[in-house]
Amino acid sequence: MATPVKKKAAAKKPAGTRAIYLYGIAQPSRKKVDIRTEAIDGDARIESVRLEGLDCWISRVDRGEYADHLAENMENLEWLATIGVRHQRAVADLAAKTEILPARFGTVFLTDESLKQHVAASKKSIQSVFRKISGSDEWGVKIFRHSQNVKPAMVEAASGTDYLKRKAQSVMPRAKEDDPTLTAFTQQLSKLSVETAAGGNASSGQPNLVWHGSFLVRRGNQKKFANALRDFTAQFVDAYRVECSGPWPPYSFVGHNV
Amino acid sequence: MSSSDTGVMVLGGENSDDISLLEILDRVVSSGVVIHGSLVISLAGVDLIYLGLNVVLTAVETAQQSMKTHIHPTLPAPAARPRGKR
C-alpha cells in the first residue's frame with residue numbers, strides 16, 4: 001500500500017527499520033559544509049559520511065516508506081511531488097556549498113556497509129565525472145512554438161487524409177520540429193557548453209513544446225550563453241517562446257551508471 | 001519567474017520556489033548518478049509515473065491556457081503549476 005505523505009516522520013525507530021537515503025556524493029570540502037535544508041522525509045538530519053575519501057550526503061529514513069514501498073510510493077503523484085521537491089532542495093543546497101554528483105531520486109541503501117561497497121566500486125568513475133562537471137552548472141532550455149501556428153489544420157487541408165495527418169501533428173506534442181533555424185540555435189548553445197543532454201520525460205507531454213534539453217555550462221561562459229538565448233528569442237519572438245531554468249545541480253550530466 | 005523584455009522566461013535562480021514541478025521531476029527522477037543501491041527504481045515504474053504526470057499536467061496546462069486565451073490572447077502561457085507541490 002502506498003504511503004501517505006507525512007509532514008513529520010514518526011518517532012525514531014530501531015536500526016533494522018531504517019534505510020540510508022543518498023542525495024549525492026561530494027568532493028571533501030576544506031571548510032565545514034553547513035546544511036540546514038529539510039531532509040527527504042521532513043524530519044531526519046542531512047549528514048555526510050566520509051567513505052573512500054568522498055563525502056556521501058545521506059539521511060537515515062524509514063525503511064518501509066523509502067525502501068520496501070518506494071516503487072509504489074513513486075506512483076503516488078502527491079507523494080512523488082512532495083518528496084521530489086525535498087530532494088531537489090537538499091541537492092541544490094549541497095550544490096551551492098560543495099561540488100556534488102547528485103544521486104538519482106530513490107537511491108537507497110539498507111546498511112552502511114552496502115553504501116561503502118558501492119562507493120568503493122564506483123570510485124574511479126566518480127572521480128572522472130567530477131573532472132567534467134567542475135566549475136559548471138546545468139541550465140535547462142525549452143522552446144515552444146506559439147500555439148496559433150499549429151492550429152490551421154482545417155483551413156489548409158487539401159483532403160481528408162491530409163486533414164487527419166495535420167490533426168495528428170497538432171495533437172502530438174513530441175512531433176519533431178523540422179526547422180533549420182532551431183537546429184542552428186541549439187547547436188550554437190551546444191558550442192558554448194561542455195555537454196548537452198536531452199530533456200526529461202516528465203515535460204515531454206507539454207503542448208507545443210518543440211525542443212527541450214539541458215546544457216552543462218562553465219560559469220565563465222554563462223554570459224555568452226545567456227546572450228545567445230536572448231538574441232534568438234528576440235529574433236524569433238513571433239514564432240517561438242523560450243524558457244530557461246537554472247542554475248541546476250548537474251543532474252543530467254553525471255551519467256546513468258558510474 | 002521573471003520575463004525579460006526580450007521574451008526569455010527565466011525560472012529559478014535566486015528564487016528556487018519558482019521552478020516548476022515538471023522541471024524538477026525531469027531531472028530528479030530520470031537523471032542523476034545511479035550508484036547501485038540495495039534498491040533501484042525499475043524503469044517500468046518510472047514510465048508509469050511519466051504517463052500519470054502527463055495526464056494530470058497536460059490537463060492543468062490546457063485549462064490555464066484556455067483561461068489566458070479568453071482573458072488576454074497575447075499573453076504567454078504560464079508554466080504548469082501541478083497539484084501536490086508544497
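User: Why is A:E52 called partly exposed?

Analyst: This is a predicted model. A:E52 has 13 C-beta neighbours inside 10 Å. Buried needs 20 or more, and exposed needs 12 or fewer. The count of 13 falls in between, so A:E52 counts as partly exposed.

User: What makes the backbone of A:E52 worth a look?

Analyst: Its phi is positive, about 55°, although A:E52 is not a glycine. Most residues other than glycine have a negative phi. A:E52 sits in the loop between β2 (47-51) and β3 (54-62) of chain A. That hairpin has 2 residues between its strands.

User: How do you know that β2(A) and β3(A) pair?

Analyst: At least two bridges are needed. β2(A) and β3(A) have 5, and they run antiparallel. A:L51 stands opposite A:L54 in β3(A).

User: Which way does β1(A) run against β3(A), parallel or antiparallel?

Analyst: Antiparallel, with 8 bridges joining the two strands. In β3(A), A:D55 is the bridge partner of A:A26.

User: Why is β3(A) described as largely enclosed?

Analyst: Of its 9 residues, 8 are buried, so the rest of the structure largely encloses β3(A).

User: Why is A:N208 called buried?

Analyst: The cut-off is 20 or more other C-beta atoms within 10 Å. A:N208 has 20 such neighbours, so it counts as buried. A:N208 also has a positive phi, about 65°, and is not a glycine. Its place is the loop between β7 (195-198) and β8 (209-218) of chain A.

User: What makes A:L22 a buried residue?

Analyst: A:L22 has 25 other C-beta atoms within 10 Å. The cut-off is 20, so A:L22 is buried. It lies in strand β1 (residues 18-26) of chain A. Its C-alpha is 41 Å from that of A:H146, which is 124 residues away in sequence.

User: Which residues touch the most other members of the largest nonpolar core?

Analyst: A:Y21, A:L22 and A:Y23, in a core of 67 residues. Helix α3 (residues 77-97) of chain A gives the largest share of this core, 11 residues.

User: Which residues does A:Y21 touch, leaving out those up to four places away in sequence?

Analyst: A:I40, A:I58, A:S59, A:V61, A:Y66 and A:V108.

User: Which residues of α4(A) are buried?

Analyst: A:L115, A:H118, A:V119, A:S122, A:I126 and A:I133. Just after α4(A), A:G135 takes a positive phi of about 70°.

User: What makes the bond between A:G246 and A:P247 cis?

Analyst: Its omega is about 0°. Most peptide bonds are trans. A:P247 lies in strand β9 (residues 240-248) of chain A.

User: What percentage of chain A counts as buried?

Analyst: 41% of its 258 residues. The chain has 8 helices and 9 strands. Among contacts between residues at least 6 apart in sequence, 79% join residues at least 24 apart.

Definitions and conventions
Residues are numbered from 1 along each chain as its sequence is written. Chains are lettered from A and ligands numbered from 1 in the order in which they are written. This is a predicted model: local features need pLDDT of at least 70, side-chain atom pairs count only at pLDDT 80 or more; totals for chains, interfaces and linings use all residues. A nonpolar core is a set of buried Ala, Val, Leu, Ile, Met, Phe, Trp, Tyr and Cys residues joined through C-beta atoms within 7 Å. Helices (H or I, at least four residues) and strands (E, at least two) are DSSP runs, numbered from the N terminus. Two residues are in contact if their C-beta atoms, placed from the backbone, lie within 7 Å.
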